[in-house]
Amino acid sequence: MGNREDLLAGARKVILERGVAKATARDIAAAAGVSLAAIGYHFGSKDRLVTQALSEALGNSMGDAMDELIAAGAGKSPLEGLVELWNGMPAVFAGNHEAMLASLENIVRIVRSEQARAQLGDQLAGAYTDLAVNVAAAHPELDEAQAAAIGRLYFVLAQGLGVLWLLDPGAVATDGDQLATAVAALAGK
C-alpha cells in the first residue's frame with residue numbers, strides 16, 4: 001500500500017477504536033506509519049481524510065452487502081426485490097455497527113462545514129448512481145429513471161432505518177414486508 005491507502009486504513013482503525021471526535025491527526029499518522037505531513041499532502045486536512053475513510057469503509061461494506069441483496073431480488077418483481085433487500089438489512093446494520101456510529105458522529109461535523117458538505121455531496125452522487133446501476137441490473141424491466149428513483153429511495157431508507165437501528169440495535173423499525181405493503185398502498189393496490 002502507498003501512504004494514501006495507509007492513511008485511509010489508519011484513519012478507519014483509529015476512528016473505530018476511539019470515535020471521530022477523539023481521533024487526532026497524530027494518532028492517525030502513527031496508525032498508518034507515515035508522517036503527520038502526509039495527511040495534508042494527500043487529503044488537505046484531517047477532516048477530509050476522516051470523511052473519505054468513513055465514506056469508503058461504509059460504502060464498501062454496506063454498499064457491497066446492499067448490492068448482494070439487490071442482486072438476490074433479480075428475477076422477482078421490483079416490489080419483491082424491495083422485500084428481499086429490506087428483510088436482509090438488519091444483518092447488514094449489525095455487521096457495520098461501529099462504522100455506522102462513527103459515520104453518524106461524522107455527519108454532525110459535516111453539517112457544520114460547507115467544505116465537508118461539498119466533499120460528501122460528490123460522494124453521494126456516486127452512491128446514488130451505483131445503487132441505480134444495481135437496481136437496473138436486477139430489474140431490467142425498469143427504465144433508467146425508475147431504477148434511479150428506486151436507488152435513491154434505497155439510499156434514503158438505508159440512512160433512516162440505519163439510524164433507527166442504532167437507537168435500538170437488533171430492533172427492526174420496519175421490515176421489507178411492511179415497506180412493500182406501504183408502497184403498494186401508496187400505489188393504490
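Mentor: Residues are numbered from 1 along each chain as its sequence is written, and side-chain values use heavy atoms, without hydrogens or water. In this predicted model local features need pLDDT of at least 70 and side-chain atom pairs pLDDT 80 or more, while totals for chains, interfaces and linings use all residues.

Trainee: What makes a set of points a cavity, and how many of 30 Å³ or more are there?

Mentor: On a 1 Å grid over the protein atoms alone, a cavity is a set of points where a 1.4 Å probe fits but cannot get out. The count by this rule is 1 cavity of 30 Å³ or more, and the largest cavity has a volume of about 80 Å³, a volume being the space filled by probe spheres set on the points.

Trainee: What makes a set of residues a nonpolar core?

Mentor: A nonpolar core is a set of buried (under 20% relative accessible area, 1.4 Å probe, protein chains only) Ala, Val, Leu, Ile, Met, Phe, Trp, Tyr and Cys residues joined through side-chain atoms within 4.5 Å. The largest has 28 residues, and Met66 and Trp86 are among those that touch the most other members. The largest share of this core, 8 residues, comes from helix H8.

Terms used. 1 Å grid on protein atoms, 1.4 Å probe; cavity = no way out; pocket = protein on both sides within 12 Å on 5 of 7 lines; lining within 4 Å. Buried < 20%, exposed > 50% of the residue type's maximum accessible area, 1.4 Å probe, protein only. Helix = DSSP H or I, 4+ residues; strand = E, 2+ residues; numbered from the N terminus.
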